[in-house]
Amino acid sequence: MRLSNNRFSRAGLLLVAVMVLSMLVSCSAQKNSWVNRTYHTVNAKYNGFFNARESYREGVKRLSGLHTDNYDQILSIFRYGDEQDAGAVGGNMDITYEKASLVIRRHSMNIRGEEYNKWIDESYFLIARSHFFKRDYTLAILTFEYIIRQYDTQRSFDSKVWIAKAYNQQERFEQALRMLEMLENHYREGLLRDETVALFRKAYADHYIRQGNYMRAAAELEKGIAYEGTRRERSRLTFIQAQLYHHSGQYAQAQQTYQKVLEMRPDASMAFQARIGMALAYDPSVGGIDFIRRELMEMLSEDRNRNYYDQVYYALAQLYMRENNENEAVKMYKRSAEVSEDNNIQKGLSFLRLGEIFFEHPDYQKANMFYDSATTFLPRSYANYDEIRARQQILSGLAQLSRVIAHEDSLQRLASLTPEQQIAAVDVLIADLREQDALREEAERERMQAMREAGQTARQTRGMTGGDRAWYFYNPTAVSNGEMEFFGRFGERPLEDLWRISNKQMMAGDFGMDLTGYDDMEIEEDTLELDEYDRDTYLRNIPNTEEQMQSSKNRQMQAYFNTAMIFRDQLQDFGNAISILETLLNDFPGSERELPALYYLYYLHRGKNDYSAAETVKNNLLRLYPDSEYAKIIGDPDYAENVRKRLNLAGELYRESYDAFFSGRYDVISKNRQALDTLEATRELQARFAYLHAMALGKTDEQEEFMTELQHIIDTYEDTPVHEPATILLASLNASDAGLGSGEPSGDPAVRIRDRAPIDTPFAFSPDAAHFFVFVVNTEEIDPARLNNTISAFNVESYAESNLSVSNIYYQGNQHLITVTNFPGIDAGMQYFEALMQSENIAPLDDEHVVGFIISVDNYPLFYQEKELKAYRHFFDYYYLDI
């Protein structure tokens, strides 16, 4: 009996298995039956779609958590963070895309143009939003448009909202507005769900906020807040509405709306900010400021607000600024920065406001100090960070030039004293310098402490997120943590290559003490602060001879001129530019900058409608330099126009000078450069002209003028393409002067090229000059970062004692340059070239994708700036190979 039952059981199981298998096989996606629909619907929902949706929700939640609200600005409607934050959720969105795509491939029941699986449009909707959060807005829009065309469901309306959001992100406001107006019609027709209306109104408000139309944005929020499903979101949007009224000067409405926020029982942080907002939104025409100030002071007395004291002091400072009480505002901003502990954004804002105040005075030294601190503490995602950083760099350059002027002035005054008096004066000067630097050093310590704490946090975070063995640069979180750890060790650094090398070779420039031209000065590889406080540094460089005194005055004169150009061109502070140029003309009569100083001074006076002063300057210029181009320009009103007509465009003038350079007619370049001032050339073209002029000076053996002109380019044109090659060249020249780039001669050049007739080339064969090794890499075929690592590994293994450095910089198009520096001459450079090219990991590389050669330091700037790759390869093959 048991045997019979077992047989029946087996038969029954087999029958069930056959039936299930038959059903599964028969569940074709092209057969519209209840069984098929049920099978594909259930599997779509509870397998692929569920996993895709969970990954999407996790990514959105994480992105929202990464977002930091800055209450000093209008809060973002959508908490989507910056591009770096978006990269951190890329993995979640990739999973969403993969899982949702799998649902569509396996379970779509599109039969004769009609979809019978309701989870397919949901899957497309997930895919479209995953593209959106990866910031691929074009692909997101295309996918949303497909949903609109293909599916007559609620998701078609939702897709229109997301298309409008994508257009807003791209700042394509006309297209966004058309979509939003279409949705407005759908709303009036009653076609939108509450959830869709809420998102639509937020997108509409975001549309207007991005364009500065705050009142219309507030109106859209007013229409949409009631549709929000959570109290937290309603209170947040109400707070934004209050901010919009506040920024529009509608103070009464702002205060009422801030009060409404408090009545909605928001979290502690937003409640505090609403109280601050109410205080700052008082109407000056109504009065009552003393009451508002007492309210803020009471907040300082409440222990529960201890973590917000920095913001209260900031609010008090803002209040004083509205009263035009700048002195008290400065005290409050400083106090805000002092008490701020964990809120780097608030500390950065306080420093920024201080920088803005002193910039407007103007007190550029103090402004520079505060702007430097602001760029340290504010995140790079902060609105207008690039503009803040640019101003800080301008002020930093101005401060550096000021230190050069003061330094040279001190040395010149010391030269008039007896040796005993010099020692005493130096000691007093150093003591004064220590006192002046105390505040700067304290700010630097705070900055580095903050960076170390950020680095420690990054390392801890990396430890918690470990386990991902993907390549480092494919992991956005790892990259972000590594960046913060870098800040922890080195602080904020500009995005430039060779920064470690350039800091060592140009130490004086980086620390505000330009010592270029001090032939007898030993620059140690230690912090220059030690040199600034060292008595022997000053005594050793006192210009006791007539030649030394003249060199000191030339450096000071050039610093004055560069300072005036910064005031004129970058700060538009024409009053200071006039004052500096007048100082230059009075203190350095007959200098090489006297003529352009007179010319610029003439037009500055005219720009300020001081025609009497302009006429005096004009007469001096015509008397001192009657045959100059400048004299012709200001002496004949039609001369400049005739020059423009003759040369047509500044670009044509540059091309003429460029051709003159290669034909050896260097005098043409100097003449054309003066004419360029009449052509209103772009800043980049001015920089290129200055660089071409510098190279011409180098070709004519005007070494001191050559280096001075390079320094002028570095000081004046930091934001142009010529800055980097000029910096590299000057650093290498300084290194050569100090004996860093020289070694035993590589041999007689005449012997090296005895069998080679000269060829027509812009490049010079300099076998004893310092050399670089260069790879030109096609980035479409070879990853330059990995090649950079390969070369670094080769250097560690084969050239460990040579202290070589490797950099990876953009060249042109799809090409990068990997540069290895420095080699003392052609022999050392060629030995390295041959060893690397024959090495195990480099030899197999295709010559079409990576091109290697060595290049002397004097040829590198021309090669880099003018992109003369083909010409240099011909030069290299002719002079270097088979020597």
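Is T720 buried or exposed? T720 is buried, at a relative accessible area of 9%. The views below come from a predicted model.

**View 1. T720 in the loop between helix 35 and helix 36.** T720 counts as buried because its relative accessible area, 9%, falls under the 20% cut-off. Beyond its neighbours within four places in sequence, T720 is in contact with R683, E684 and A687. A687 is 33 residues away from T720 in sequence. In space, their C-alpha atoms are 6.9 Å apart.

**View 2. A negative surface patch with five named members: E546, E547, E592, E704 and E705.** Helix 26 (546-570) and helix 35 (703-716) each give two or more residues to the patch. How accessible is E704? Its relative accessibility is 49%, so E704 counts as partly exposed. The cut-off for exposed is over 50%.

**View 3. T819 in strand 5.** Strand 5 covers residues 815-823, and T819 lies within this strand. T819 has 1% relative accessibility and therefore counts as buried. Which residues is T819 in contact with, leaving aside its neighbours within four places in sequence? They are F772, F773, V774, S805, V806, S807 and Y860.

Methods. Residues are numbered from 1 along each chain as its sequence is written. This is a predicted model: local features need pLDDT of at least 70, side-chain atom pairs count only at pLDDT 80 or more; totals for chains, interfaces and linings use all residues. Side-chain values use heavy atoms; hydrogens and water are left out. Patches are made of residues with over 30% relative accessible area and no salt bridge: like charges are joined within 9 Å, nonpolar side chains (Val, Leu, Ile, Met, Phe, Trp, Tyr) within 5 Å. Accessible areas come from the Shrake-Rupley method with a 1.4 Å probe; for residues, only the protein chains shown count as cover. A salt bridge is a side-chain nitrogen of Lys or Arg within 4 Å of a carboxyl oxygen of Asp or Glu. Lys and Arg count as positive and Asp and Glu as negative; His and the chain ends are not counted. The place of a charge is taken as NZ of Lys, CZ of Arg, CG of Asp or CD of Glu. Helices (H or I, at least four residues) and strands (E, at least two) are DSSP runs, numbered from the N terminus. Buried means under 20% relative accessible area, exposed over 50%, partly exposed in between (1.4 Å probe, protein chains only). Contact means heavy atoms within 4.5 Å.
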